[in-house]
Every structure is written in structure tokens, then in C-alpha cells.
Amino acid sequence: MKVNGKRFSSIIVLAVLVASLCLAGTAVAAEKVTLIYWDTTGPEATAIARANNFAEYTKANPNVQIKEEIFGGSLSEFDTKFKMAMVAGKGPDLIETHDVAFYAYYTAGFLQNVPKVYEDYIREQAINEATVQMVEADGKLYGFPNTWHGVVVVYNKTMLAEAGLSLPPFDWDWDIMLDYAKKLTKYDTAGEVSRAGLSLRKTGHAQGTLAKFSPFFFAAGVPKSLSYWTEDLKKTVINTTPGRVALQFYVDAIYKHKVDSLQVKSDYMGFAQGTVAMFHRGLWVTAYMQEYAPDIDFGIIEVPKLEFPQLASSIVSGGVYGVTKGCENPEEAWDVLYGIAQPEPHAYYAKESVFLPSFKNAAQQDFFVQNPMWQIAIQQKARPEAQISTLYELEMVIGGYIEKACYQQLSVEEALRLAEEKCNEILAEAR
Amino acid sequence: MSAGGMSNKDKMKAKTKEGIQAYIFLAPTLLIIALFRYWPTISTMIISFFDYNLISPVRPFVKLRNYIVVFSDPLFYLMLRNTLLYAVGMVSMSMLVALAVAITLDKVKIGVNVFKILYFIPVITSVVAVSLVWQYMYDPKLGLVNWVLNHLGLPSQGWLTDTRQSLFGIILMGSWQQIGFNMLVFLAGLKGISGQYYEAARIDGATSWQQFIKITLPLLKPVILFVLIVQTSFGFQVFTQVYVMTQGGPADASRVIVYHIYQTAFETMRLGRASALSMILFGIILVIALVQLKIIGLRETE
């Protein structure tokens with residue numbers, strides 16, 4: 001009996017030990033949080049920087065796992081995918097996209113508000129007012145700023161040298177830019193442009209067309225509202241002098257000065273193929289160029305201004321992170337965003353992606369301080385997107401009419417008049 | 001009671017039982033069709049009377065406002081024109097070529113199956129993949145199409161970058177992809193025509209052309225009608241090619257109705273307006289199908 005009792009006790013102790021180990025394992029497993037993160041593809045350098053930042057965070061916080069789901073296609077396709085997923089209840093925990101779309105997500109109830117402790121950090125460290133304005137509504141913040149996207153002119157240094165041109169001066173204006181474009185343009189035997197001296201974004205997804213039009217619109221004159229819309233967001237100001245001047249510049253580049261063409265492969269793809277000497281695009285494209293066209297010796301410069309040099313004509317949109325309403329672990333999610341917004345990871349991401357930092361402490365990193373080009377860009381006054389829930393649709397309308405004017409389906413005046421009419425209709429309907 | 005068999009009452013019972021059994025067997029299929037075919041159509045019709053925004057909880061009943069907005073938008077008529085042009089262009093091109101190929105293959109003795117496979121491969125290839133390849137083929141500087149034109153002494157064309165050519169480029173690609181399907185159907189129809197008609201016609205001195213007009217075409221009419229209705233329906237619903245190759249551009253030159261429905265529903269989230277446009281398209285296709293049936297007819301040909 002004594003022997004049996006001993007064996008029985010051993011079994012009990014063993015069972016208790018095994019049970020407690022299992023419970024401990026379960027407890028550890030229960031604490032581990034997986035966050036789903038959605039974003040669009042971009043240059044490899046951006047993807048690597050983001051992945052490294054997440055990896056550093058999860059190394060320091062092993063209970064958190066971040067699962068990146070990155071989608072190809074355009075920003076508008078990503079926008080559609082995200083909205084459909086949220087409506088179906090299958091959205092991610094974290095998302096990053098551009099500020100044009102974010103206010104619509106906020107009004108649709110897709111996003112959680114930033115907790116007070118992180119809100120204080122954002123307000124304190126924001127590099128400019130616009131950084132806060134772009135994620136603020138009703139006195140609260142609904143997104144965590146990422147980086148600002150600047151638009152620059154990219155030029156082929158080899159082509160400039162062949163044409164006997166020096167590098168464009170920092171304070172160049174539209175006339176100087178046009179002069180450069182004329183000297184860089186090549187023509188075929190039929191007199192048609194075979195290499196565009198300056199490729200402007202005239203076609204493609206309409207919302208993107210308007211984003212690249214912004215530097216020219218604001219360089220041509222600044223509306224009181226500092227925006228495409230009136231201060232009360234009830235009407236558009238596209239059909240005003242800056243709009244007409246900027247769009248006429250686009251049209252004249254094609255038909256009057258013949259430095260651009262609708263037939264020649266344009267934008268960064270044309271630049272990589274050698275059919276474009278200069279083009280304008282987001283700063284991020286330089287990372288693409290380094291990856292896909294490493295043999296091209298290129299430089300970047302601000303889009304030239306006409307007036308009001310203190311207003312950024314080049315900073316056109318911001319990237320924003322959000323935590324969705326469906327996220328079941330918002331504390332961990334916000335902490336991830338706070339972690340990667342610290343000076344080192346934020347500066348690293350901005351530098352690798354060729355975006356502009358949104359936080360003062362990151363902008364004070366040596367790389368930015370010592371580089372005059374970055375300093376000029378960072379010090380410009382950014383302009384946040386207007387908080388209109390139908391902003392995407394509005395920008396598509398204007399971009400579409402810009403395209404029609406460039407194809408001479410409409411005159412500049414008619415295109416802007418129709419764009420104004422349509423936009424005002426949409427604004428009147430917006431709730 | 002009939003002598004030596006089931007009574008009438010029993011026969012009725014047996015028939016009713018058979019009928020019920022038939023419906024039970026048909027029920028799953030009918031349910032699936034109702035769920036995935038008819039219910040979405042009915043839902044679309046209902047939604048078309050609301051200001052239905054996918055991401056807004058407020059969706060007021062607006063009666064016919066969506067339809068009025070669609071019909072008063074000049075862009076609708078441009079899209080309608082583009083869609084009609086695509087349907088007519090694609091259907092006529094693919095049918096004419098397919099008929100010629102089918103008639104030729106009908107006379108070929110060796111290697112028919114190889115040709116059938118070769119012509120059918122585009123039909124079963126993903127439209128996205130085909131569209132991407134053709135997009136590169138149409139590249140003004142590096143594309144195969146301009147390379148061929150240049151080697152024939154012809155100048156390069158803008159193709160998808162030219163407002164006058166972008167729609168034609170899509171029609172060409174769409175026709176190319178549908179030839180195989182049409183060819184197979186025509187070939188099957190040709191095999192069903194008895195050789196005796198042709199023999200009799202030859203004895204009477206009819207030429208090949210006369211045989212084609214007087215024998216082949218009339219006897220092939222039901223098949224032609226089937227292909228015409230099916231392809232017209234496909235033509236009016238063109239979407240993928242436009243989405244991949246041109247996004248409706250340049251400057252709306254290739255914007256078609258279904259592409260606009262997609263943008264309206266999923267980019268601007270205006271599901272009510274998109275539903276109204278869908279119902280209008282449904283009506284157009286229905287009317288055209290009925291007109292085709294009426295004009296070409298279903299009379300049996302002697």
C-alpha cells in the first residue's frame with residue numbers, strides 16, 4: 001500500500017507539473033499578438049526599410065508579430081481593396097496610404113482615434129502645422145503621420161552635358177526650364193518629337209495626374225485657401241488664373257513649344273528608355289531609378305516656382321498610418337506606429353525611401369542636416385489635403401479634364417469650366 | 001378503369017409523383033441560379049433607386065434620380081458610343097474571320113485538330129495575360145506591331161496612346177481572342193450540313209459562291225444567330241481589356257460602360273448610380289438580343 005501511495009503521489013505531482021507547463025505555454029501563446037499590416041508596393045528600398053523597422057520593433061517587443069501584406073497595382077486599386085475589405089469586415093489592423101484617402105476612411109468609420117499619449121508626441125514633434133492638420137478632425141487625430149511626398153524634376157545629366165547645358169540652378173523658373181527643355185528635345189525626320197525635353201504628367205490615373213499638376217498650379221499663383229477648394233470646401237478654385245496659366249503651360253509644352261509629346265513614352269518609364277530628358281514625379285521615383293535604371297546618371301531639382309517662394313509647391317501629399325476599427329489589439333498597434341516614428345527608424349525610412357520626414361527629431365539627424373537639398377525641401381511649408389470625403393472623386397474629375405485639354409479635346413478654358421461645374425456638383429452633394 | 005392496367009387515377013398519381021421528383025432534382029440547381037443570378041439582378045434593380053454609398057450608413061431613397069443623372073451626363077453617350085463600336089467591331093471581325101477559317105478547315109483532311117487547338121488557345125488564355133501582352137505589342141517605340149509596320153514601310157502608330165486608335169486597338173485584340181470560340185461553333189454547324197445538298201448543287205452547276213450563299217449560310221443561320229447573340233452580349237460587357245490596357249483613356253477615348261460601372265461602384269463608392277447604369281446596360285443588351293432574334297428569326301430553313 002505504501003508503494004502504491006508513493007506512486008500515486010508521484011503521478012499527481014507529475015500531472016500538476018505538466019498542467020502548469022501547459023497553462024504557462026498557453027498564457028505565453030495568448031499574449032502573442034499578430035498585427036496584419038497593409039500597404040502598396042513601392043521601390044525595393046522602401047520595402048526593405050519598412051521591413052527592417054518592423055523587425056527591429058518586434059525584436060524589442062517579442063510578443064508582437066507584424067504580418068505585412070503588400071499589394072501591387074495603383075493607389076486607387078489599393079483604396080478600393082481596403083474599402084471593400086472594411087465593409088466586409090475583413091480589413092487589416094494597420095494600414096499606410098496617402099492622405100488623400102484618409103479623411104474618407106475616417107468619415108466612413110474605418111479608423112480608430114489616436115490615443116492621447118501618442119497624440120501629444122505627434123503634436124510636439126510635427127515638423128510643420130500641416131503634419132497635424134492632415135490627420136486631425138473634430139479636435140482629435142485619426143492617423144499617425146508617416147512621411148511627406150515631394151515632387152521634383154528629374155533630369156538626365158548625360159543628355160544635359162551632350163546639349164552643352166550646366167545643371168539646372170536651384171532658383172530656376174518656368175522660362176529657364178522651358179529653355180532647357182527646348183535644347184534637350186529631339187525630333188524625327190517627320191518633325192515629331194522623338195525625345196521629350198520635358199515630360200509632364202498628362203495622362204494615366206486621373207488622381208495621380210492632378211497630384212503632379214499641383215506644383216505648377218501653386219507655382220502659378222496661390223489661392224487664398226491654399227488649396228484647390230474654397231475655405232468653406234463648397235467650391236473649387238481650379239477655374240482661376242493659376243489653373244488657366246498652369247494648364248496652358250502643359251498644353252503649350254506639347255503644341256506650341258513642342259518639347260513634350262503624347263506619343264512618346266513618358267514619365268519615369270520613358271526616362272529609363274531614353275525618350276525623356278526631364279520629367280516630374282514624386283521624390284520616391286529616384287529609388288526606382290536606382291533600382292531599374294542604374295546606368296542613368298540623373299539629378300533632381302525642385303519644380304520651379306513663379307511666385308510666393310515661401311509656399312511649398314513641391315510637397316504634394318503625405319503618407320499616413322492608421323489603426324482600423326477592426327483591430328482587436330489597438331494598444332499594441334499604436335505602440336508599433338509610435339515605435340517606428342522614433343527619430344532613428346523614421347529618419348532611416350525617409351532617407352531610404354527618398355521621402356521627407358514628418359517629425360522634427362528625425363529631421364535633425366545628420367543625414368538631413370548636412371544635405372542642402374533636403375534642408376530646402378524640409379523647410380518648405382507643406383499643404384495638407386482638404387478634408388472632403390469625396391476628395392478622391394474630385395481629384396479624378398479635375399485630372400480627367402486636364403487630360404482632355406492636353407489631348408485638345410477641349411480648350412483650356414472649357415476644360416476648367418467643366419471641371420469646376422462637375423466638382424461643385426459633387427461638393428454640393430457631399431455630406 | 002382501363003382494362004388490364006393502371007387506373008387513370010393511378011396514372012395521374014404516378015405522373016404527379018414523377019413531376020415532384022423532377023422538381024426535387026432540379027431544386028438545387030434552381031436555387032443556385034436564383035441565388036447567384038436572379039437575386040443579384042433584383043438587388044441591383046432595388047439599389048438603383050437609392051443614393052447607395054458603400055461606405056456611408058445614410059442611403060436615402062431617391063426614386064429615379066440616379067437614372068436621370070446618368071442620362072443627363074454627356075459622358076454616358078460617349079461610353080455608349082464606345083461600347084457599341086466595340087461590340088459591332090469585335091463581333092463582325094471575329095465572326096467573319098471565324099467563318100472563313102471554319103469553312104477552310106471543313107475542307108482540310110489532315111491536321112484539323114492541330115489548327116483547332118491553335119485557334120482555341122487564345123480563348124482559354126486569361127484575358128488579363130492577353131491584354132498585358134498586347135499592351136506591350138502596341139508600345140509605340142518598342143512594340144511588335146509598330147516593328148512589323150515599319151518593316152512593311154509604314155509609319156509607327158500611337159495605338160493605345162492615340163485617342164483615334166486606342167479603341168480600335170482593343171477591338172483588334174478582342175476579336176483575335178474570340179475567333180477560336182466562334183470557329184469551333186461554326187465548324188460544328190458546318191459538319192451538320194448534309195453533303196447531299198452540295199452534291200445536288202454541283203450537279204445543277206452552282207458555283208462555290210452560290211453554294212455558300214444558297215446552302216451554307218441559310219443552313220448555318222441558327223448557329224450564326226447563337227454566336228451573334230452570345231458575342232454581342234460579351235461585346236457589350238467588355239471590361240478587362242480596357243481596365244488593363246487603357247483605363248478608359250486616353251482622355252476617355254476607350255471608356256466603356258462596364259468600366260465606368262466599376263469605377264463608379266468601387267472607386268467613388270456610388271453603388272446606386274452604378275446599379276442604375278447596370279440596369280440600363282441590361283436593358284440595352286436585352287433589346288438588342290430581341291431585335292437580333294426578330295430580324296434574323298428562328299424559322300426553319302428548308
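**Notebook: the A/B interface, aromatic pairs and salt bridges**

I began with B:D252, whose side chain makes a polar contact of 2.7 Å with the side chain of A:K404. I take a polar contact to be a pair of N or O atoms within 3.5 Å; within protein, one must be able to donate a hydrogen and the other to accept it, and residues adjacent in sequence count only if both atoms are side-chain atoms. I note that this is a predicted model, in which local features need pLDDT of at least 70 and side-chain atom pairs count only at pLDDT 80 or more, while totals for chains, interfaces and linings use all residues. Residues are numbered from 1 along each chain as its sequence is written, chains are lettered from A and ligands numbered from 1 in the order in which they are written, and side-chain values use heavy atoms, with hydrogens and water left out.

**Entry 1: B:D252**

I placed B:D252 in the loop between α10 (240-245) and α11 of chain B; helices (H or I, at least four residues) and strands (E, at least two) are DSSP runs, numbered from the N terminus. The relative accessible area of B:D252 is 13%, so I recorded the residue as buried (buried is under 20% relative accessible area, exposed over 50%, partly exposed in between; 1.4 Å probe, protein chains only). A second polar contact, of 2.8 Å, joins the side chains of B:D252 and B:R255. I then listed the contacts of B:D252, contact meaning heavy atoms within 4.5 Å. Not counting residues up to four places away in sequence, B:D252 touches A:K404, B:L75, B:L78 and B:N82. I also looked up B:T163, which is 89 residues from B:D252 along the chain, with 8.1 Å between the two C-alpha atoms.

**Entry 2: the interface of chains A and B**

I found 27 residues of chain B in contact with 27 residues of chain A. The two chains bury about 2,200 Å² between them, 49% of it on carbon and sulfur atoms; buried area is the accessible area (1.4 Å probe) that two parts lose on being put together, summed over both. B:I55, B:A251 and B:E267 supply 27% of the area that chain B buries against chain A, more than any other three residues.

I counted eight residue pairs in polar contact between chain B and chain A, both residues at pLDDT 80 or more. Helix α11 (residues 257-267) of chain B gives the most to the side of chain B that touches chain A, with four residues. The residues on that side of chain B divide into 11 nonpolar, six polar and 10 charged. Here Ala, Val, Leu, Ile, Met, Phe, Trp, Tyr, Cys and Pro count as nonpolar, Asp, Glu, Lys and Arg as charged, and the others, Gly among them, as polar.

**Entry 3: salt bridges**

I used a side-chain nitrogen of Lys or Arg within 4 Å of a carboxyl oxygen of Asp or Glu as the criterion for a salt bridge. The structure holds 21 salt bridges over all chains, and the count between chain B and chain A is four. I looked up A:E429 with B:R273, where the closest N and O atoms are 3.7 Å apart.

B:D162 is buried at 6% relative accessible area, whereas B:R164 is exposed at 71%. Salt bridges that share partners join A:E393, A:E429, B:R270 and B:R273 into one network.

I also recorded B:D106 with B:K191, the closest N and O atoms being 3.0 Å apart. B:D106 lies in helix α3 (residues 74-107) and B:K191 in helix α7 (residues 166-191) of chain B, so the pair ties together parts that are 85 residues apart in sequence.

**Entry 4: aromatic pairs**

I paired rings of Phe, Tyr and Trp (its six-membered ring) if their centres lie within 6.5 Å; planes under 30 degrees apart count as stacked, over 60 as edge-to-face and the rest as tilted. By this rule the count comes to 44 aromatic pairs over all chains. The rings of A:W174 and A:F249 have centres 4.7 Å apart and planes at 40°, so I recorded the pair as tilted. A:W174 is in helix α8 (residues 174-184) and A:F249 in helix α10 (residues 241-255) of chain A, 75 residues apart. A:W174 is buried at 7% relative accessibility, and A:F249 is buried at 8%.
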